[in-house]
Amino acid sequence: MSIEFLYALVGVGLVCLGLHALIAYAHLLRKILAINVMGSGVFLVLVALARRGGDVPPDPVPHAMVITGIVVAVSATALALSLMRKVNAATGRAELPDQDRD
Amino acid sequence: MAQRDPCMEAMTLVAWTFDALLGVGLSWLAWRALACPDLFKAIVLFIAFGLLMALAWVRLEAPDVALAEAAIGAGLTGALLMAALARLRDTGGVPNALGKRNRAFTMRRTATPTTDERRDDRLPEPSPPGSPATRGRPGVKAFRWLALSLLLALASGLGYTVLSLPDQAQGLQSAVAGHMDRSGVLNPVTAVLLNFRGYDTLLEMAVLLLALLGTWSLGSLPPARAESAPVPVLDTLVRGLVPVLVLVAAYLLWAGAHAPGGAFQAGAVLGAAGVLLLLTGWRLPRRLARRPLRIVLAAGVVAFVGVAVVALPGGRQLLEYPPPQAGILILLIEAVATVSIGITLAALFLGAAPADELDQ
């Protein structure tokens, strides 16, 4: 197993860690952190697998896609944080209202 | 039989150890950041995680991605998260760093159970969706075990899929390398970003602008509490650092054509300069905060679309630059995009339209 697959497995682990945190925690800021970690995991898998060419330089197309992905992730994070702020202003808590309790 | 070089073997062993430690460090930091009860510590751990990710990108021979991750993924995302946490604390639900709650805001809201106030910032109780806290212990535990086992199954499935991919794979390197002489730049990642896959980049800049529009349309922020006296360290730092950051951004923009760098990395550095300025309490003068600001924000996307369309007459496709002028066109797009991206990121940090903030 070469170094790329080590990083790709770490990426898979990060995706699953983030998914677990996304499901398990109710606080919206934690969910946003979890989604960011999942995104980082996906990027790791993409870039790690781009380096499988052997002696040639790595494939630049996944690199460009990951750069695009990082910028889109920060845009989505910013919008999600604004939505969290509105939810907090409306309900007083940074969690979505639990349906069973209403 | 060739003699195995002990020095090379030692280097490989060192490299493997480093990579293994980096992988373990990344996983551990991510886990701690997500599981930490204190939100402030969680965000700090997440920023550290982002910086280690930048190291991982360098190890994977992706310096452009490393620059973008360090500036945007760790730096700007961390700043956004910190600002959001501070605003959460300001609206009274969560104790601030000094342990005091903002009484004025707490009074305005309807009664909130005190247990919830502690829960917002403290124990990360895994609360499965749709299951009220009054359900008995076994139900919650069973759900958690089910979720964990499903996640483990997903992890093993994904891991198996990744490991079963071929060891050597011919990506698109040769295709990109074959067209580099017509791309107008020397850096393959910049060529892919701005030329071969320019459409994706155009849409990406539109997404960034759209996120800002969404944030602005969500309304203005409550008035910031009266700021304390100016902090000398921050003021001196900003005075010295902002010109350097502008220079670094200009260098990254120029170097992006032949070395790691480019519009997004440069724009992120400009955004960081903007965030520092905003932290000192500086705001855009009123007459610049309406139309001129909006013009600059939209300029990136407009310039990109303009260049894309101007290549049309002459029988070309959209975004197909004529090879002799490709380098100049790419530099033009990147220059306008850098400024636009930097100001968009700083505006995202501010969280509300500056004009709205001024009106309060």
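In this predicted model, the side chains of A:Glu4 and A:Arg51 meet in a salt bridge with an N to O distance of 2.6 Å, a salt bridge being a side-chain nitrogen of Lys or Arg within 4 Å of a carboxyl oxygen of Asp or Glu. This pair links distant parts of the chain, since A:Glu4 belongs to helix α1 of chain A and A:Arg51 to the loop between α2 and α3 of chain A, 47 residues apart. Helices here are DSSP runs of H or I with at least four residues, strands are runs of E with at least two, and both are numbered from the N terminus. Both A:Glu4 and A:Arg51 are buried, where buried means under 20% relative accessible area, exposed means over 50%, and partly exposed lies in between (1.4 Å probe, protein chains only).

A:Arg51 also takes part in a salt bridge with B:Glu61, at 2.9 Å from N to O, and the count between chain A and chain B is one salt bridge. B:Glu61 lies in the loop between α2 (39-59) and α3 (63-90) of chain B, is partly exposed at 38% relative accessibility, and has a positive phi near 60° although it is a residue other than glycine.

A search of the whole structure finds five salt bridges over all chains. Among them is the one between B:Arg59 and B:Asp19, at 2.7 Å from N to O, which links helix α2 of chain B with helix α1 (residues 6-35) of chain B across 40 residues of sequence. B:Asp19 counts as buried because its relative accessibility is 1%, whereas B:Arg59, at 29%, counts as partly exposed. Another joins B:Arg197 to B:Asp200, with the closest N and O atoms 2.8 Å apart; B:Arg197 is partly exposed at 42%, and B:Asp200 is partly exposed at 26%. Salt bridges that share partners join A:Glu4, A:Arg51 and B:Glu61 into one network.

The interface itself brings 73 residues of chain A into contact with 93 residues of chain B, contact meaning heavy atoms within 4.5 Å. The area buried between the two chains is about 7,300 Å², of which carbon and sulfur atoms give 72%; buried area is the accessible area (1.4 Å probe) that two parts lose on being put together, summed over both. A:Tyr7, A:Arg30 and A:Arg85 supply 9% of the area that chain A buries against chain B, more than any other three residues.

Chain B contains 14 helices and zero strands, and buried residues make up 41% of its 360 residues. Among contacts in chain B between residues at least 6 apart in sequence, 70% join residues at least 24 apart. Within this chain, B:Ala255 lies in helix α10 (residues 232-255) and counts as buried because its relative accessibility is 0%. B:Leu319, in the loop between α12 (291-310) and α13 (326-350) of chain B, has a positive phi of about 70° although it is not a glycine, and is buried with a relative accessible area of 10%.

Residues are numbered from 1 along each chain as its sequence is written, while chains are lettered from A and ligands numbered from 1 in the order in which they are written. Local features of the predicted model need pLDDT of at least 70, side-chain atom pairs count only at pLDDT 80 or more, and totals for chains, interfaces and linings use all residues, while side-chain values use heavy atoms, with hydrogens and water left out.
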